[in-house]
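Subject: Structure for you to look at

Hi,

Here is the structure I promised to pass on. Please open it beside this email and follow along.

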Amino acid sequence: MDDHYFSADPAVPFKRAPVAASVWGRDLELTSGSGVFAQGRLDVGTAVLFRETVPPTRASAVLDLGCGYGVIGLAVAACVPGARVWAVDVNERAVLLANENAAALGVADRYTAVTPDAVPADVAFDEIWSNPPIRVGKQALHELLLTWLPRLTPEGRAVMVVGKNLGADSLQRWLREQGYPTERVASAKGFRVLETRRGR
């Protein structure tokens with residue numbers, strides 16, 4: 001496969017596809033697309049994330065890291081009316097779809113999807129939620145996490161879902177080694193849900 005969902009501008013022809021996603025007891029009608037992660041579906045890992053967690057109701061600033069067509073951040077925006085959600089992805093189609101979905105759901109006033117360098121440098125996050133792009137490779141993934149985890153507020157946390165067979169346990173150990181206390185809060189269908197706290 002020459003082209004990947006983590007390309008900035010995928011070469012595969014762009015075709016939209018509807019997705020019906022059940023998130024925290026709500027049903028969201030979204031649009032995905034070719035060249036974007038999980039085209040036409042809610043992937044198993046993200047479904048596990050929703051099933052094993054509750055919405056971050058006390059968060060006022062949330063980041064959806066590697067947002068794809070936007071389902072995680074849009075779920076936060078839909079379920080937490082006080083939250084301001086930023087969503088980032090290197091894939092320009094993903095950013096386009098996520099913003100279209102926000103408009104369709106009526107949360108565009110509190111939800112912004114952008115490429116990573118477009119997030120203002122002074123924005124900090126109470127929560128980071130992510131089904132991170134493990135397949136970019138270990139070094140790129142580590143660089144990604146070390147770019148965004150320092151932007152958590154002092155009491156902030158990151159919640160991530162990672163496949164066990166894709167290195168969830170080694171990632172947990174690595175995060176601890178970097179000074180980010182990380183616990184496994186759930187395990188289901190071959191996935192781990194990890195909670196990472198801001199290092200002291």
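Thr-46, Leu-49 and Phe-50 of helix H1 touch Val-71, Ile-72 and Ala-75 of helix H2. By class, this contact holds 5 nonpolar residues, 1 polar residue and no charged ones. Keep in mind that the model is predicted.

How do the two helices lie? Two packed helices are described by the angle between their axes and the distance between the axes. H1 covers residues 44–51, and its axis runs 11 Å from that of H2, at an angle of about 25 degrees. Angles under 35 degrees count as roughly parallel, so H1 and H2 are roughly parallel to each other. Their crossing is right-handed.

Now go to the second pair. Helix H4 spans residues 138–148 and helix H5 spans residues 168–177. Their axes come within 12 Å and cross at roughly 45 degrees. That makes H4 oblique to H5. This crossing is right-handed too. On the H4 side, look for Leu-141, His-142, Leu-145 and Leu-146. They meet Leu-171, Trp-174 and Leu-175 of H5. The contact has 6 nonpolar residues, 1 polar residue and no charged residues.

Next, the cores. In soluble globular proteins, nonpolar side chains tend to be buried together. Here, the largest nonpolar core has 42 residues. Which of them have the most contacts inside it? They are Leu-30, Tyr-69, Val-71 and Tyr-111. Helix H2, residues 71–79, gives the most to this core, with 8 residues.

Zoom in on Leu-30. Leaving out residues up to four places away in sequence, Leu-30 touches Ala-17, Pro-18, Val-19, Ala-21, Tyr-69, Val-71, Leu-74, Asn-101 and Leu-105. Another core lies apart from the largest one. That other core has 24 residues, including Leu-65, Phe-125, Tyr-180 and Leu-194.

Last, two loop residues. Trp-24 is not a glycine, yet its phi is positive, about 50 degrees. Find Trp-24 in the loop between strand E1 (16–23) and strand E2 (26–33). Lys-189 also has a positive phi, near 50 degrees. Lys-189 sits in the loop between strand E8 (182–188) and strand E9 (191–197).

Are these two buried or exposed? Trp-24 has 16% relative accessibility, so Trp-24 counts as buried. Lys-189 has a relative accessible area of 63% and is exposed.

Best wishes

Notes:
Residues are numbered from 1 along each chain as its sequence is written. This is a predicted model: local features need pLDDT of at least 70, side-chain atom pairs count only at pLDDT 80 or more; totals for chains, interfaces and linings use all residues. Side-chain values use heavy atoms; hydrogens and water are left out. Axes are lines fitted to C-alpha atoms, for helices over the stretch in contact, and angles run from 0 to 180 degrees between N-to-C directions. Helices (H or I, at least four residues) and strands (E, at least two) are DSSP runs, numbered from the N terminus. Angles under 35 degrees count as roughly parallel, over 145 as roughly antiparallel, 65 to 115 as roughly perpendicular and the rest as oblique. A crossing is left-handed if the near helix is turned anticlockwise from the far one by less than a right angle, and right-handed if clockwise. Contact means heavy atoms within 4.5 Å. Ala, Val, Leu, Ile, Met, Phe, Trp, Tyr, Cys and Pro count as nonpolar, Asp, Glu, Lys and Arg as charged, and the others, Gly among them, as polar. A nonpolar core is a set of buried Ala, Val, Leu, Ile, Met, Phe, Trp, Tyr and Cys residues joined through side-chain atoms within 4.5 Å. Buried means under 20% relative accessible area, exposed over 50%, partly exposed in between (1.4 Å probe, protein chains only).
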